[in-house]
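Please examine the model shown below, with its sequence at hand. The paragraphs that follow lead through it one topic at a time.

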Amino acid sequence: MVKSPYYLTTPIYYVNDAPHIGHAYTSLACDVLARFLRLDGHTVFFLTGTDEHGQKVEKSASSSGKNPQEFVDEISERFRDLTKLMNFSNDDFIRTTEQRHIIACQELWRRIAANKSPKGRENIYLDTYGGWYSVRDEAFYSESELIIDSEGVRQAPSGALVEWVEEPSYFFRLSDWRDELMAYYRTSTEGIILPESRHNEVVSFVEGELYDLSISRTSFNWGVPVPGDDAHIMYVWLDALANYITAVGFPQENNEKFQTFWPANLHMVGKDILRFHTVYWPAFLMAAGLKPAKRVFAHGWWTNEGQKISKSLGNVIDPNEIVARYGLDQVRYFLMREVPFGNDGDFSHRAMVSRINGELANDFGNLAQRVLSMIGKYCNSVVPTPGELKQSDQELINLAEKLIVKVRKNIVEYHTFHEALSVIWEFVRHSNAYVAEQEPWALSKNDLPRMETVLYLAYEAIRHLAIICQPFMPESCHKMLDQLGVDSEFRQFVDLKWGRKPIAGLTLPPPEPIFPRLEKNI
Ligand code: ME8
C-alpha cells in the first residue's frame, strides 16, 4: 500500500552564533519523526537549513571583521556539520542566500502585492514605521508588550534590548486577515497548533489587536531586495519563512515536488517563534493564494543545570562535547526521553548518566546481551526453534505486536516522543521480567525444548525492539540488528510481525555490548 507523502521542516537557524543543544533538539525531533515515517512506508521530505539575512547577522559579521557573505558561509557550514554530527536524515539543507530562495521570496512578495485583502484593500502598502525593534529577536514590539527594567530600560518579553526605529517601510495588511486566520485554526479537529496551550495563546493574540506588520527595512541592506523598490529589503522573517516553499520548488507550483509536498504536514518550532509560524506565515501564504501548513508544533526550551542557556552566561552546551562524552545515540535518547515534548526541560549531567545507565545499559543493553550470550552458550549461536507456547509466551507476543500501534500514535499523531519511549520501555522491562521468570539458564539443565522456546521468544522481543527504536538510535539499533542476523531489507515496520521471517536455524555472530555502562564520575 502506498502511504501519503509527508513534508516536515525545522526552523532554519540564525547564523550569528555557533550551534548549541537547543538547535540540535528541534531537528532531532524531526529526524526521529522522519525516520519513523520512512520505516512505516511513507515518502518523506525533511528540511533544515540556515537563516542568513537580517540586521543581527549583518552586525555579527561586522563585529567579527568579515563581510556578511564570508561570515554566513562559515557559520552555515557549522550547522551543516551539526546535521552530520547528530546523524540527521534531512533531505535538503537550504540557505536563504541561495539564488533559488531569492527568486522564491520575490515571487511570494509579488503575489501578496498583486492580490487584495479579504476586505478588498491592498495587501501591501507603503508608510513610515516608527516603533520598537529588537535586533536579537528580529521582531517588532508594541509599547504595551515591553517590560521596563529597574533602571528604566525597555526590553522585549524575551529579555532582549529594543531600539526605536523610524524609517519608510512597506506594511502587510495583517489586520484584515483575522477571520481567515481563525477559520484556518479550526480546519483540523486534531489541531493545527499543538500543544493545545499554544493554540490558546495564538487564538487570544489573534482575537486581540492585530496590527499591520512592517515587512521591509531601509536602514541596512543585508537582505532580499523588495521587487520594484531597491531601496527596501524584505523583513528577515518574511524572507526566512519563505524557505519552506522554496525548498519544494516554489514558484514552480506545477512541478511534482510542490504538488507532492505542499502544504507541509508539520512545521516543528521552538515556543519562542510560534507567532511567526502561526500568525504571520499563514497570513502571508493565504494572501499569496497558497495553502498554509497542516500543523505547527511548538516545543519547549532547555535550560542548563537550572539556568537559561546563553552565550553571556557561558553555559552553552556544545553538541560536539556531549556527543564525544556520552555517545551520539545516548544523547539522542536522553533528549527525546527526559522531557515531555512540548514542555521546558533541564539538562543535567546527573540525569544523563542516570538514563544511560538505568535505561540503556541496564534495561535494554542487558536484555540483548544476556539473551544473545545464552543463545551463544546453550544453542551454539544458532537461533533455536520454538515449541509449544504457554500463556506467558502468548502474552509477550501480544505485547510486542501491539507496540507499534501505541508508538505510532504517540510519534505521528501527538508528537509525544517521550511517551513513545516510555511505552517501548514498558515492553523492555516486561521482556526482562519474562527472561528472569522463565530462567532459561536453569532450563538448559533439565528442559532443552522449553529453553529453546523461551530463548526464541526473547530473541523475537529484542528484534521487535531493535526495529522500533531505530528512529531514536539509528546506529546502535543497526548494530543490534546485525548481531541478530536481520538483513537490512527486513528492518521496516512491516517486519514487526511475530516470526516474520523464518529466523530459527540462523547462526549469529558473537554478541558485543551496545550500551556500555558509564562510570558515575564521567
Ligand atoms: O529562531 N532549547 O533561529 P534560531 C530549545 N532563524 N530550543 C531552542 C533553544 C533552547 N535552549 N534555543 C534555541 C530562529 N532553540 C529563526 C527561525 S524559521 C523560518 C526561522 C530553538 O537559530 C528555537 O526555539 O534562533 C528555534 O526553534 C530554533 O532553535 C532556531 O533558533
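In this predicted model, the second largest pocket has a volume of about 360 Å³. Its lining is made up of 20 residues, and F140, Y141, S142, E145 and Y211 are those that lie nearest the centre of the pocket. Two or more lining residues come from each of the elements β5 (124–134), β6 (139–141), β11 (213–214) and α10 (274–287). The largest share, four residues, belongs to β5.

Aromatic side chains form the next topic. A pair of aromatic rings is described by the distance of the centres and the angle of the planes. The structure holds 30 aromatic pairs. Through such ring pairs, Y7, F45, Y244, F250, F258, F261, W262 and W281 are linked into a cluster. Rings also have charged groups placed over them: the charged end of R217 sits over the ring of Y133, at 4.4 Å from its centre, and R275 lies over the face of F205, 3.8 Å from the ring centre.

Consider next the helix α1, which covers residues 21–39. From the first C-alpha to the last, this helix of 19 residues reaches 26 Å, close to the 27 Å expected at 1.5 Å a residue. Is α1 mostly covered or mostly uncovered? It is mostly covered, since 18 of its 19 residues are buried. After α1 comes G41, whose phi is positive, near 95 degrees.

A cis peptide bond joins L194 and P195, with omega about -10 degrees; P195 lies in the loop between β10 (193–194) and α6 (196–207). The peptide bond from F250 to P251 is also cis, and its omega is near 5 degrees. P251 is located in the loop between α8 (243–246) and α9 (256–261).

Positive phi values occur in residues other than glycine as well. N87 has a phi of about 60 degrees and is placed in the loop between α3 (68–85) and β4 (92–95). Because its relative accessibility is 22%, N87 counts as partly exposed. For E439, phi is near 45 degrees, and the residue is found in the loop between α15 (417–438) and α16 (440–446). E439 counts as partly exposed because its relative accessibility is 38%.

Finally, K390 is found in the loop between α13 (349–379) and α14 (391–414). The C-alpha atoms of K390 and L313 are separated by 60 Å, and these residues are 77 residues apart along the chain.

How values were computed. Residues are numbered from 1 along each chain as its sequence is written. This is a predicted model: local features need pLDDT of at least 70, side-chain atom pairs count only at pLDDT 80 or more; totals for chains, interfaces and linings use all residues. Side-chain values use heavy atoms; hydrogens and water are left out. On a 1 Å grid over the protein atoms alone, a cavity is a set of points where a 1.4 Å probe fits but cannot get out, and a pocket is an open set with protein on both sides within 12 Å along at least five of seven lines; lining residues have an atom within 4 Å of a point. Grid points are joined across faces, edges and corners, and a volume is the space filled by probe spheres set on the points. Rings of Phe, Tyr and Trp (its six-membered ring) pair if their centres lie within 6.5 Å; planes under 30 degrees apart count as stacked, over 60 as edge-to-face and the rest as tilted. A charge sits over a ring if NZ of Lys or CZ of Arg is within 6 Å of the ring centre and within 35 degrees of the ring normal. The expected span of a helix is 1.5 Å times one less than its number of residues. Buried means under 20% relative accessible area, exposed over 50%, partly exposed in between (1.4 Å probe, protein chains only).
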